[in-house]
Amino acid sequence: MKKRKDDMVRVRFAPSPTGNLHIGGVRTALFNYLFARSHKGAFLLRIEDTDLERSKTAYTEHILESLKWLDITIDEPVVFQSCRQSLYEHYFVILKKKGVVYPCFCTVDDLQQEREEARKQGVPYCYSGRCRELPSVEVEQKLQACQSHTYRFFNEKNGTVKWQDRVHGIISFDTSRLDDFIIRRSDGSFTYNYCVVIDDLDMEITHVIRGDDHISNTPRQILLFQSLSEEPPAYAHVPMILGPDRKRLSKRHGACGLLNFKKEGYLKEALVNFCALMGWSWDDKTTIFSRQELIDTFTLDKISSSPAVFDKDKLNWLNRYYLRSLSLSQIMQALAPFLREEQQMEKISHDILLELVKISRERVTTLKELAETIGKICRGPSCYEEKAVRKCRKKFLRPGLLPGLIAFLNNLKEWSLPSFEEKLREWAQQNDYKFVAVAQVLRLALTGSLVSPPIIECAVFLGRDTVLSRLSHLEQYLRSSGDYEG
RNA sequence: GUCCCCAUCGUCUAGGGGUUAGGACACCGGCCUUUCACGCCGGCAACAGGGGUUCGAAUCCCCUUGGGGACGCCA
């Protein structure tokens, strides 16, 4: 047995590359990562790709990219199960020597039949164990004849397996319920339950933090550890994340792949904070956690034992929170790819862009929306919202307001921030216009809408020429589309 | 069906024998205000049901119900 430092924590995240990493997987990865960091231990990644049929390298890349995006960093090279056949082989020989595995010559069809039989009788299916007590002469014969066979674990079926789960407490299973599961397939490859045990042993994993759906695999794995005379790791089974319909999270719930959240414009800070709060909490008040705070406060015993429903509203709220709390440079960096999607942004200077981000980021939910909002302001209205025009005509477009505004702005000497608003307010008051009316007409002209970031700021950043041309354009439009007298 | 896990506002949760059952999201009011947001203040809203144990149960035990998971030569 390899020597293991008692206080050294080693955990792993072990996804199978048979699909995109989703929120639930990320949460599991995060919990492992936080646990490792908070114990100054190691966080490892193992790709469980023993199913050659369904495993795809594209999924592996997706997993790697997802973790990288969230800065969930791993401490050792990625382990691929598909590359460890000889290791599995090595331990298999040991198990064979100990007499805890036996060859099974049942065919897939045989087993299928057993299964159907069980279903008919309404009893739970359990492999009959008919190859378990084959006379050794017969076994020898069949092996000599190269008859296709798997290897099964010889389960004593005479007791209980129990463990102290770090989130559920004691869980115990009656071994008589467990059948002799296959550990080696007829093609010589090894199955999940076996590989997990060998890898966890070899990688010196101290704590297995994984989804609740693995609880029923755990007794088999513990049995395997016991047959190798090894101590199983500590287990912490975290509850599943469910969709709003309380069903297990899947494609049906949309945004299945984590990278979709990135594409939609969510910040990694929000996503990490959000994932941490699904099934874990620190106290009765705190909801905002920085990465460091998570590391400092995370413990397994504060993981909830009941499943959580994915709540997009809360994610949105967190994203809005981080959108306005992160430093401007962090936002600019995350925003850059989204800005590139926007047309006609070339002429906007970096400084103005910064200002626009500053005033816009408080009113959007995602980076994508932020980029769109800024893009719209820069490009100007492609059309005017009908409702906005109607409301303006009815409430704000007092006679002379628009031409007066144009003339005023045309002659305005100082086109800069505090003075622009002061002068505009003065002008409005002198002419007996409500300031809100002036602002809304300006807003309609500049954005085509009555909802936008602060319009005074926008006007100043956009510059005199752009503002005047958009105002005249609105005037033309009003003339050509209804009774308008200026 | 069998085994395993779970059960506090609509959602995430705190609370683990004595609490006006706390917070957050969402929702609804109000204030602020150039619109929309932000922010602030306030409101609505929960211990699944039934039995025990106890002076006292959201909390401990049992049953019921409901939800989830697992029952593969998938992981």
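## Briefing: salt bridges, RNA contacts and cysteines

Aspartate 202 and arginine 84 are both buried (under 20% relative accessible area, with exposed meaning over 50% and partly exposed in between, using a 1.4 Å probe on protein chains only). Their side chains meet in a salt bridge, 2.7 Å from N to O (a side-chain nitrogen of Lys or Arg within 4 Å of a carboxyl oxygen of Asp or Glu). Aspartate 202 lies in helix α6 and arginine 84 in the loop between β3 (79-80) and α3 (85-97), so the pair ties together parts that are 118 residues apart in sequence.

Some ground rules before the details. This is a predicted model, in which local features need pLDDT of at least 70 and side-chain atom pairs count only at pLDDT 80 or more, while totals for chains, interfaces and linings use all residues. Residues are numbered from 1 along each chain as its sequence is written, chains are lettered from A and ligands numbered from 1 in the order in which they are written, and side-chain values use heavy atoms, leaving out hydrogens and water.

**Salt bridges**

- The count comes to 21 salt bridges.
- Arginine 46 and aspartate 200 form one with their side chains, at 2.8 Å from N to O. This pair links distant parts of the chain, with arginine 46 in strand β2 (residues 42-47) and aspartate 200 in helix α6 (residues 192-202), 154 residues apart. Helices (H or I, at least four residues) and strands (E, at least two) are DSSP runs, numbered from the N terminus.
- Arginine 46 is buried at 0% relative accessibility, and aspartate 200 is buried at 1%.
- A network of salt bridges links Arg12, Arg46, Glu48, Arg84, Asp199, Asp200 and Asp202.
- Aspartate 284 and lysine 285 also form a salt bridge, with their closest N and O atoms 3.5 Å apart; here aspartate 284 and lysine 285 are both exposed.

- Of the RNA strand B atoms within 4 Å of the protein, 72% belong to sugar or phosphate and the rest to bases.
- Lysine 247 places a side-chain N or O atom 2.4 Å from a phosphate oxygen of RNA strand B.
- A polar side-chain atom of serine 186 lies 3.0 Å from a base oxygen of RNA strand B, while a polar backbone atom of leucine 277 is 2.9 Å from a sugar or linking oxygen.
- Among the elements giving two or more residues to this surface are α4 (108-121), β7 (169-174) and α11 (312-325). Helix α11 gives the most, with five residues.

**The β6–β7 hairpin**

- Strand β6 (residues 160-165) pairs with β7 in the antiparallel sense over six bridges (pairing needs at least two DSSP bridges between the strands).
- Three residues separate β6 and β7 in this hairpin, and lysine 162 stands opposite serine 172 in β7.

**Cysteines**

- The whole structure has zero disulfides (pairs of cysteine sulfur atoms within 2.5 Å).
- Cysteine 106 is in no disulfide, the nearest cysteine sulfur being that of cysteine 131, 3.5 Å away. Cysteine 106 is buried, at 11% relative accessibility.
- The sulfur of cysteine 383 is 14 Å from the closest cysteine sulfur, in cysteine 392, too far for a bond. Cysteine 383 is exposed, at 53% relative accessibility.

Technical notes:
Near = heavy atom within 4 Å. Polar contact = N/O pair within 3.5 Å; in protein donor to acceptor, adjacent residues only side chain to side chain.
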